[in-house]
Amino acid sequence: MTGLPSGAASATAGRADRLAGLVSQGFARIGLAGIVVFAFLTIADVVGREFLARPIRGFSDFAELLFIVSAAACFPAAALQRQHIAVRFIGEAMPWRGREMLDLLGHVVMLVVFAVIAWRLGAYALDAAAKG
């Protein structure tokens with residue numbers, strides 16, 4: 001119980017949902033911009049390497065991190081809008097409890113993937129900081 005009348009609790013939840021949507025969309029736009037920058041830097045690196053014999057120094061290290069962070073920035077918006085990959089044809093043949101269990105399993109798998117990404121990105125950051 002929140003202690004708020006049900007209408008007030010609903011309004012508060014609605015505002016929180018809108019705020020989460022705006023924040024996640026902002027991160028997704030930043031992530032998309034990062035992926036576009038990644039694409040242009042990749043083109044510049046290839047052109048520099050193949051035609052000018054001058055690749056972008058340190059590009060592979062920077063690009064690796066840029067792409068991971070940019071892609072991860074898009075995950076919250078996709079998860080909030082339920083636009084993640086799902087296999088629905090199996091669940092449609094099951095009773096509603098089975099569908100709900102499959103949906104729960106999908107959310108747990110997504111959580112594990114996010115946790116592994118955060119763990120590996122943290123390990124990468126600590127390694128990069130130690131190397132200077």
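A charge is taken to sit over a ring if NZ of Lys or CZ of Arg is within 6 Å of the ring centre and within 35 degrees of the ring normal. In this predicted model, Arg 120 lies over the face of Trp 119, at 4.9 Å from the ring centre. Residues are numbered from 1 along each chain as its sequence is written, and side-chain values use heavy atoms, with hydrogens and water left out. Local features need pLDDT of at least 70 and side-chain atom pairs pLDDT 80 or more, whereas totals for chains, interfaces and linings use all residues.

Across the whole structure, two aromatic pairs are found; rings of Phe, Tyr and Trp (its six-membered ring) pair if their centres lie within 6.5 Å, and planes under 30 degrees apart count as stacked, over 60 as edge-to-face and the rest as tilted. Phe 38 and Phe 67 make a tilted pair, with 5.0 Å between centres and 45° between planes. This pair joins distant parts of the chain, 29 residues apart: Phe 38 belongs to helix 1 (residues 6-51) and Phe 67 to helix 2 (residues 59-80). Helices (H or I, at least four residues) are DSSP runs, numbered from the N terminus.

Phe 38 has a relative accessible area of 23% and Phe 67 one of 36%. Each is therefore partly exposed, the class between buried (under 20%) and exposed (over 50%), with a 1.4 Å probe and protein chains only.

The other pair, Phe 75 and Phe 114, is stacked, at 5.1 Å centre to centre and 25° between the planes. Here Phe 75 in helix 2 is linked to Phe 114 in helix 4 (residues 96-131), 39 residues apart. Phe 75 is partly exposed at 29% relative accessibility, and Phe 114 is partly exposed at 29%.

Methods. Helix = DSSP H or I, 4+ residues; strand = E, 2+ residues; numbered from the N terminus.
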